[in-house]
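Thanks for taking a look at this one with me. Here are some notes to read alongside the model, in the order I would go through them.

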Amino acid sequence: MNLKEDVKEQVREKYGQAALRVKSGGSSCCGATPRSIACADPITSNLYEASQTSAIPEEAVLASLGCGNPTALAQLHTGETVLDLGSGGGIDVLLSARRVGPTGKAYGLDMTDEMLALAHENQRKSGIENVEFLRGEIENIPLPDNSVDVIISNCVINLSADKDRVLREAFRVLKPGGRLAVSDVVTRGEVPAGVRQNMLLWVGCIAGALEEYEYVGKLAKAGFAGIDVEPTRVYNIEDARAFLTGQGVDVDAIAPQVEGKFMSAFIRATKPASCCGPSCCS
Ligand SMILES: C[S@@+](CC[C@H](N)C(=O)[O-])C[C@H]1O[C@@H](n2cnc3c(N)ncnc32)[C@H](O)[C@@H]1O
């Protein structure tokens, strides 16, 4: 198995277990090691407004493993087609489906069978019909070119070992003028490699998060325009203290190298309206 496949298998296993925990009445919480039972961790907790969570099944909310709330920040219009990359238990798909209404459609794409089973169950409980969950990988999106108005994603692109390919695929399936509106973990500024690795393990970014400027560069290379990265939650060393201490890290010693450098961000970009492919948009 090569490195990319190895990362994918680790991710699949981790999220398969998280889905089974939710199905058996537990919490979806997971990082590189399980986080607190109550899932009151600074990454996944309190991302959604009560007005949003009250409109979907509780199990969909419990299964939430994102690091942002792309559905609150993305512009979604009636009748549009939305695709959620790495849809997990389906929270953002169900919320988007409500936003685009019965004349629109929300697709969720996930590679983990246990997550897809959970998402299907949550959809059934919600009674929302304009939803379809697809089995597949975000590196090979099983949808035609130019078929989607908006791509959302919540803390998934950082899990891919081939982020260039994910962004190329996202660009391909978006209609000209289509929008990418994703939440993801990014880093800002230099961090020593060992510290970076430990912090990203805490956040659960198995394949490694991108530096903000790298993310922007990869989006531009894929053909996107109007790129914007807006921090939504900046992590504090105290947030990670218990986890890092458990890893044998001297937290006080590394604190100055971490402050303000690890964050969840909302990333926006657009596929130019008169666009035939990455090369002719540049
Ligand atoms: C951090 S969870 C986020 C789930 C969901 N977006 C949410 O906010 O609750 C990551 C999800 O992405 C899926 N995933 C990770 N890498 C993937 C890939 N390369 N292709 C398809 N799905 C992937 C996992 O199976 C898991 O369900």
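Why is helix α5 largely enclosed by the rest of the structure? Keep that in mind while we settle the ground rules. This is a predicted model, in which local features need pLDDT of at least 70 and side-chain atom pairs count only at pLDDT 80 or more, while totals for chains, interfaces and linings use all residues. Residues are numbered from 1 along each chain as its sequence is written, and side-chain values use heavy atoms, with hydrogens and water left out.

1. Helix α5 covers residues 91-100, and it is largely enclosed because eight of its ten residues are buried. Buried means under 20% relative accessible area, exposed over 50%, and partly exposed in between, with a 1.4 Å probe and protein chains only. Helices here are DSSP runs of H or I with at least four residues, strands are runs of E with at least two, and both are numbered from the N terminus.

2. The buried residues of α5 are Ile91, Asp92, Val93, Leu94, Leu95, Ser96, Ala97 and Val100. After α5 comes glycine 101, with a positive phi near 75°.

3. Now for the ligand. It has 22 residues around it, and Leu65, Gly86, Asp110, Thr112 and Ile138 come nearest; a residue belongs to this group if one of its heavy atoms lies within 4 Å of the ligand. By type, the shell holds ten nonpolar, eight polar and four charged residues. In this count Ala, Val, Leu, Ile, Met, Phe, Trp, Tyr, Cys and Pro are nonpolar, Asp, Glu, Lys and Arg are charged, and the others, Gly among them, are polar.

4. Look next at the backbone around the ligand. A ligand oxygen atom lies 2.7 Å from a backbone N or O atom of leucine 65. A polar backbone atom of glycine 86 is 2.8 Å from a ligand nitrogen atom, and one of methionine 111 is 3.3 Å from a ligand nitrogen atom. Taken alone the ligand exposes 600 Å², of which the protein buries 99%; these areas come from the Shrake-Rupley method with a 1.4 Å probe.

5. Is aspartate 6 buried, exposed or partly exposed? Aspartate 6, in helix α1 (residues 3-23), is partly exposed, because its relative accessible area is 34%. Aspartate 6 and alanine 161 are 155 residues apart in sequence and 9.4 Å apart in space, C-alpha to C-alpha.

6. Finally, valine 185 sits in strand β5 (residues 174-187). Valine 185 counts as buried because its relative accessible area is 1%. Valine 185 and lysine 175 are ten residues apart in sequence and 26 Å apart in space, C-alpha to C-alpha.

Conventions: A polar contact is a pair of N or O atoms within 3.5 Å; within protein, one must be able to donate a hydrogen and the other to accept it, and residues adjacent in sequence count only if both atoms are side-chain atoms.
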